[in-house]
Amino acid sequence: MAESAWNDHRWVALPSISGVQRADVCVVGLGGSGLSAIHALLKHKLVVIGIDAGSIAGGAAGANGGFLLSGSASFYHRMAAAVGVERARRIHELTVGEIASMERSMPDIVRRTGSLRIAHDGAELDDCELQFAVMRDSGLRVERYSGPEGSGLLFPDDGTFNPLARCRRLAQDALQLGARLYESSPALTIETGTVTCELGKIFSRHIIVAIDGKLEVVFPTLKGRIRTARLQMLGTAPTVEVNVQRPVYARYGYEYWQQLPDGRVVLGGFRDRALEQEWTHSAEPSDAIQSLLTQFLRDRIGVQAAITHRWAASVGYTPTGLPIVDEVQKDVWAAGGYCGTGNVIGALCGKALADEIAGKDVAGVRSLLSA
Ligand SMILES: Cc1cc2nc3c(=O)[nH]c(=O)nc-3n(C[C@H](O)[C@H](O)[C@H](O)COP(=O)(O)OP(=O)(O)OC[C@H]3O[C@@H](n4cnc5c(N)ncnc54)[C@H](O)[C@@H]3O)c2cc1C
């Protein structure tokens with residue numbers, strides 16, 4: 001993965017794990033989902049060790065579009081048709097609550113701007129109308145929108161953030177609260193009660209594996225239920241050519257962009273234009289998608305500023321649009337497959353697994369979110 005626009009190079013690397021260590025719970029994967037699980041486990045007074053193969057949020061969690069979107073990966077009306085209005089509404093409300101909680105805990109990193117879904121053509125505008133009607137029927141906040149970006153819908157509860165900064169803050173806070181976190185420590189084997197790394201071994205009653213992309217590499221039994229795709233982005237130098245107030249999701253969400261407070265524009269998309277090639281475990285940007293992004297930036301968004309960053313990362317897709325949040329072996333739990341929108345729902349899944357392990361998931365959030 002080439003470097004994302006979020007990295008300010010201010011992170012001091014954590015050590016890798018060595019020797020034999022013991023914990024109540026070992027969390028494998030220190031992106032937003034794993035770190036959210038760790039905080040919930042610490043609240044339950046459990047002893048936690050977290051390991052990551054690379055660095056904190058070194059995967060998609062630190063290299064994404066920075067959108068905080070309510071709901072699941074599928075537009076609300078489609079999820080409601082698939083799983084029922086009641087379940088879709090509960091999921092939506094949980095995500096709205098999670099965005100609010102993220103803003104409360106890190107107001108310097110999270111901005112509650114709302115987000116836009118912009119229609120590509122008349123057919124998509126009709127689809128926006130349908131979504132509007134179904135969301136309003138469910139009592140959810142949505143507005144019709146028309147502005148410089150185009151026409152579609154505005155979701156006032158959504159927001160934006162620097163995903164890498166948030167994960168780094170979560171990791172620092174977790175360390176202060178007593179979690180032991182290790183970077184450059186890939187789990188080589190994961191079995192009930194034991195996680196083995198090259199130079200260390202962790203004995204823990206429970207294991208949470210919070211890996212979105214490539215989860216099926218760690219657990220081959222999940223092949224068929226989850227598939228890894230590459231998503232690509234680029235970032236520009238600061239510019240005043242545009243004034244984009246809110247994150248924008250366009251053409252059914254295939255393209256997405258936002259302008260950061262310092263004027264930089266980050267843009268992703270076009271996975272569907274090379275669908276077969278993008279079902280890959282590679283996290284390197286490709287020329288084909290990057291040239292589509294460049295053209296879109298120049299012609300559609302109207303930004304000629306220099307492109308300073310190009311990057312890609314892996315995410316997991318499930319057929320249902322809902323993630324896997326399952327016990328894959330006894331006392332070994334896996335979470336992933338957020339279908340390209342895991343910043344909020346991934347955090348909820350991490351917390352739900354922590355609550356389940358602590359015997360506190362009384363509201364049944366894990367099964368509510370699970371595919
Ligand atoms: C370009 C792009 C744009 C996106 N835009 C958005 C967006 O705007 N909004 C949104 O909600 N979502 C977005 N997503 C999706 C979102 O980034 C992910 O769903 C989410 O970040 C997943 O976080 P995670 O913590 O579950 O997993 P990951 O980020 O996949 O983290 C898993 C961690 O596990 C580690 N790991 C892997 N294997 C091992 C092992 N064997 N041992 C130890 N550690 C291991 C990895 O190093 C990694 O750090 C985007 C994704 C991409 C790629």
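Two strands count as paired when DSSP finds at least two bridges between them. Helices (H or I, at least four residues) and strands (E, at least two) are DSSP runs, numbered from the N terminus.

## About the model

This is a predicted model, where local features need pLDDT of at least 70 and side-chain atom pairs count only at pLDDT 80 or more, while totals for chains, interfaces and linings use all residues. Residues are numbered from 1 along each chain as its sequence is written, and side-chain values use heavy atoms, with hydrogens and water left out.

## The eight-stranded sheet

Let's start with the open sheet, whose eight strands follow the order β6-β7-β5-β14-β15-β16-β13-β17 with mixed pairing. At its edges sit β6 (143–147) and β17 (307–317), each pairing on one side only. From one strand to the next, the twist averages 25°; axes here are lines fitted to C-alpha atoms, for helices over the stretch in contact, and angles run from 0 to 180 degrees between N-to-C directions.

Strand β6 runs antiparallel to β7 (residues 150–155), and five bridges join the two. Within this pair, E143 stands opposite L154 of β7.

## Helices on the sheet and beside each other

Helix α8 (residues 287–301) lies across β5 (115–118), β13 (227–236), β15 (255–259), β16 (265–268) and β17, and runs at about 45° to β13. Contact means heavy atoms within 4.5 Å.

Elsewhere, look for helix α2 (residues 76–83) and helix α4 (residues 122–137): their axes come within 8 Å and cross at roughly 65°. On the α2 side the contact is made by Y76, H77, R78 and A80, and on the α4 side by D127, L130, Q131, V134 and M135. By class, this contact has five nonpolar, two polar and two charged residues. Ala, Val, Leu, Ile, Met, Phe, Trp, Tyr, Cys and Pro count as nonpolar, Asp, Glu, Lys and Arg as charged, and the others, Gly among them, as polar.

## Around the ligand

The ligand has 36 residues around it, of which S33, D52, A61, D212 and N343 come nearest; a residue belongs here if one of its heavy atoms lies within 4 Å. By class, the shell has 17 nonpolar, 17 polar and two charged residues.

Now for individual atoms, with pairs of N or O atoms within 3.5 Å taken as polar contacts. A polar side-chain atom of D212 lies 2.6 Å from a ligand oxygen atom, and a backbone N or O atom of G66 lies 3.4 Å from an oxygen atom of the ligand. For G342, a backbone N or O atom lies 3.1 Å from a ligand nitrogen atom.

Conventions:
A polar contact is a pair of N or O atoms within 3.5 Å; within protein, one must be able to donate a hydrogen and the other to accept it, and residues adjacent in sequence count only if both atoms are side-chain atoms.
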